[in-house]
Structures are given as structure tokens and as C-alpha cells.
Amino acid sequence: MVSKVLAIIFGAIGGGFLLITLFFVISTNMFISQASVAEGTVISAAPPDTGRRSAAQIRFNDANGQVVQFTTNVNSNPPEFQLGQKVRIYYNLADPQSSARADSFLSLWFLSGLFGLFALIFGGIGLGSFTIWLLNRKSRAKT
């Protein structure tokens with residue numbers, strides 16, 4: 001009985017996380033497919049040996065020639081980017097300042113990966129519980 005309840009609860013939670021993962025994957029893919037691309041330069045990043053989490057500041061020129069500067073949406077230690085590093089930037093032409101995202105795993109795919117991991121963990125527990133419940137049910141039917 002407990003395995004069946006666990007299977008339902010953890011399976012539902014895993015399914016919910018899977019839906020969230022799909023949402024992030026689809027929205028990121030749509031953003032990339034519709035975005036303009038530019039090359040940016042990291043103008044501020046914490047030195048790698050400081051032990052501090054930091055977000056990089058990146059500057060790029062949009063398609064209209066305007067200089068745009070933004071801060072990446074991920075703080076990391078070690079830093080994701082080095083000072084002076086060239087980085088591909090995806091951005092929306094209508095609002096380059098707030099839509100700009102660096103082409104990196106952390107900036108684009110972190111949330112998809114995180115929720116995907118949760119989906120695997122919870123879905124795996126749900127599937128394992130369901131399997132145990134099913135095997136116990138079959139063994140009781142044989143006796």
C-alpha cells in the first residue's frame with residue numbers, strides 16, 4: 001500500500017518537474033531561434049582565485065550600433081567568464097538591454113538541467129515504488 005502511495009506522489013511530482021523542464025527547454029529554444037546574435041566582451045568579472053561568486057558584466061553592440069551593457073543572470077564560483085573574454089550574445093532586437101543572454105550552459109540551460117534532474121530523481125523514486133508495489137502484488141497473487 002505504501003509503495004503505491006509513494007509511486008503516485010513521487011510520480012506526480014516527477015511529472016510536474018518534467019513539465020517545468022519542457023517549458024524551460026522550449027522557451028530557451030524559441031528565444032535562441034528568434035534572437036539576434038552579437039559578439040560581446042566581458043568587461044567585469046571576479047578574479048578566479050578570490051573565492052567569491054560573481055556575475056560578469058558584458059558589453060556588445062546591437063544591430064543598430066547601440067552599445068549595450070548587461071550583467072549575466074548567474075553568479076558562479078569559479079567565475080563563468082574571464083575579463084576580456086569574447087562571448088556570443090543572444091538578444092531581442094526590441095529590448096536588447098533586458099533580454100541579452102550570454103551563450104553558455106549556465107546562462108541558457110541551467111534551469112532546464114536543474115528541473116530535469118529533479119524530474120529524474122522524483123520520477124525514478126515513483127517508478128521504483130510502482131515496480132515494488134507491482135512485484136509485491138504479483139507475489140501475493142501467486143500464493
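For the classification of lining residues, Ala, Val, Leu, Ile, Met, Phe, Trp, Tyr, Cys and Pro count as nonpolar, Asp, Glu, Lys and Arg as charged, and the others, Gly among them, as polar. The structure is a predicted model, in which local features need pLDDT of at least 70 and side-chain atom pairs count only at pLDDT 80 or more, while totals for chains, interfaces and linings use all residues. Residues are numbered from 1 along each chain as its sequence is written, and side-chain values use heavy atoms, with hydrogens and water left out.

Grid points are joined across faces, edges and corners, and a volume is the space filled by probe spheres set on the points. The largest pocket has a volume of about 190 Å³. Its lining is made up of 13 residues, and N73, R101, S107, L108 and L111 are those nearest the centre. By class, 7 of the lining residues are nonpolar, 5 are polar and 1 is charged. Secondary structure elements are DSSP runs numbered from the N terminus, with helices (H or I) of at least four residues and strands (E) of at least two. At least two lining residues come from each of helix 1 (2–34) and helix 3. The largest contribution to the pocket lining is that of helix 3, with 7 residues.

Across the whole structure, the search returned 1 cavity of 30 Å³ or more.

Buried denotes under 20% relative accessible area, exposed over 50%, and partly exposed the range in between (1.4 Å probe, protein chains only). Contacts (heavy atoms within 4.5 Å) were listed for F60. Apart from neighbours within four places in sequence, F60 is in contact with A38, E39, G40, Q66, V67, V68, F70, I89, Y91, P96 and A100.

Salt bridges were assigned where a side-chain nitrogen of Lys or Arg lies within 4 Å of a carboxyl oxygen of Asp or Glu. The count is 1 salt bridge. R88 pairs with D103, and their closest N and O atoms are 3.1 Å apart. Because R88 is in strand 4 and D103 is in the loop between strand 5 (101–102) and helix 3 (105–142), the pair ties together parts that are 15 residues apart in sequence. R88 is partly exposed, with a relative accessible area of 46%, and D103 is also partly exposed, at 32%.

T28 is located in helix 1 and is buried, with a relative accessible area of 4%. Not counting residues up to four places away in sequence, T28 touches R101, L108 and W109. The C-alpha atoms of T28 and L108 are separated by 6.7 Å, although the two residues are 80 residues apart along the chain. L19, likewise in helix 1, is exposed, with a relative accessible area of 60%. Its C-alpha atom is separated by 9.0 Å from that of F115, 96 residues apart along the chain.

In helix 3, S129 is buried at 7% relative accessibility. S129 touches S3, L6 and A7, residues up to four places away in sequence being excluded. I132 also lies in helix 3 and is partly exposed, with a relative accessible area of 46%. I132 and V37, 95 residues apart in sequence, are 50 Å apart in space from C-alpha to C-alpha.

Conventions
1 Å grid on protein atoms, 1.4 Å probe; cavity = no way out; pocket = protein on both sides within 12 Å on 5 of 7 lines; lining within 4 Å.
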